[in-house]
Amino acid sequence: MTKFDIIPLSDALGAEIRGLDLREKLDAETISAVEQAWYDHIVLAFRDQDLTIEQQRAFASQLGSLAPRGGEGGTKHEQAISENVMLVTNIRENGKPIGTLPDGEMMFHHDTIYKPKPHIGTLLYAIEVPSKGGNTKFNNLYKAYDALPDSIKERVKGRTANHIYDYVTISKANRKSQAGDLRENWTHPVCITHPRSERKALYVDRLMTARIDGLPEEESEDILETMFDLAERPDHVYEHEWTPGDLLLWDNLCSAHARTDFSTDERRLLRRCQIESDDTPRE
């Protein structure tokens, strides 16, 4: 086993891993230790990495099966790279983005929560970052679940929430109208049991969760707002300021993430791949 250090990043969640060169193939014992750190800390930061696309994919594949890229097949630049890689960037050629999710702020969300089997892990590697902004915030949804009032836990027990994905049609997901007609939507338990840690986590987010099924509209909205506010409470959040060479690995089931705004005059380029889940989320 290759020894490494685990340095907590905040009281909320997150840890920096020091002592590993991700260009190298890690032995099974080291990967197992990295996985345990991942389950314990939710977000892992590996700094000063110099990774090719294939090296990033190779490390990710040691943690699970690589997921195909979403986004309706991707741009021609993404298609030329790999079926598993997304470019998160505002760089444009001939006026068109070469990648995905180019500009501005994004509210807290889970990647692929709107699919039957949301991806369990995301790996995002920084290549170019603006001088200010474009940070990524992560929240600890174990802590958010624990902080829920017992009355709300009981009210949503056994219930599912509907999650939708259509950035073109709407700017905020939790709206009652037309949710079932949007491009992609799915339901999952409001509170889930993480398949690897066996801990309970809140599983809703401000951007993509439209409603709690089976509740009156007003009550659903009120409970969701309470949940969103708890999930985004400062003591439940870690904000990562990117530096080129950072690779972040995060657990996509017990954490949601958000992006802070940044100047359109500065380039931002990050490379993303994801790890598939074995099962659908369960309560």
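A residue is called buried when its relative accessible area is under 20%, exposed when it is over 50% and partly exposed in between, as computed with a 1.4 Å probe on protein chains only. The structure examined is a predicted model, in which local features need a pLDDT of at least 70 and side-chain atom pairs count only at pLDDT 80 or more, whereas totals for chains, interfaces and linings use all residues. Residues are numbered from 1 along each chain as its sequence is written, and side-chain values use heavy atoms, with hydrogens and water left out.

The pLDDT, the predictor's confidence in each residue on a scale from 0 to 100, averages 91 over the chain, and 92% of the residues score at least 70. Over residues 168-182, however, pLDDT stays under 50, and for this stretch the model has 34 contacts beyond four places in sequence, a contact being defined by heavy atoms within 4.5 Å.

Helices (H or I, at least four residues) and strands (E, at least two) are taken as DSSP runs, numbered from the N terminus, and two strands are said to pair if DSSP finds at least two bridges between them. Seven strands form an open sheet of mixed pairing, in the order β1-β2-β3-β16-β8-β18-β4. Its edge strands, each pairing on one side only, are β1 (5-8) and β4 (86-89), and the twist from one strand to the next averages 25°, with axes fitted as lines to C-alpha atoms (for helices over the stretch in contact) and angles running from 0 to 180 degrees between N-to-C directions. Within this sheet, strand β2 (residues 15-18) runs parallel to β3, to which two bridges join it, and A15 stands opposite L44 in β3. By contrast, β8 and β16 pair in the antiparallel sense over five bridges, with Y125 opposite L247 in β16.

In a regular strand the side chains alternate between the two faces of the sheet. Both faces of β3 are covered, V43 and A45 being buried on one side and L44 and F46 on the other. Helix α1 lies across β1, β2, β3, β8, β16 and β18 and runs at about 125° to β3, while α2 lies across β3, β8, β16 and β18 and runs at about 30° to β18. In α2 (residues 53-61), the residues Q56, R57, F59 and A60 are buried. Seen down the axis of α2, these buried residues fall within an arc of 160° and so line one face of the helix, the arc being that of the directions from the helix axis to the C-beta atoms. The elements that cover them include α1 (28-41), β3 (43-46), β8 (121-128), β16 (247-251) and β18 (269-275).

An open sheet of four strands has the order β7-β17-β9-β15, with antiparallel pairing. Here β7 (106-109) and β15 are the edge strands, each pairing on one side only, and the twist averages 15° from one strand to the next. Two bridges join β7 to the antiparallel strand β17 (residues 257-259), where H257 stands opposite H109.

Strand β15 (residues 237-240) contains H240, which counts as buried because its relative accessibility is 0%. The side chain of H240 makes polar contacts (pairs of N or O atoms within 3.5 Å; within protein, one must be able to donate a hydrogen and the other to accept it, and residues adjacent in sequence count only if both atoms are side-chain atoms) with the side chain of Y238 at 2.7 Å and with that of D246 at 3.0 Å. Leaving aside neighbours within four places in sequence, H240 is in contact with A45, R47, N135, T136, F138, D246 and L248.
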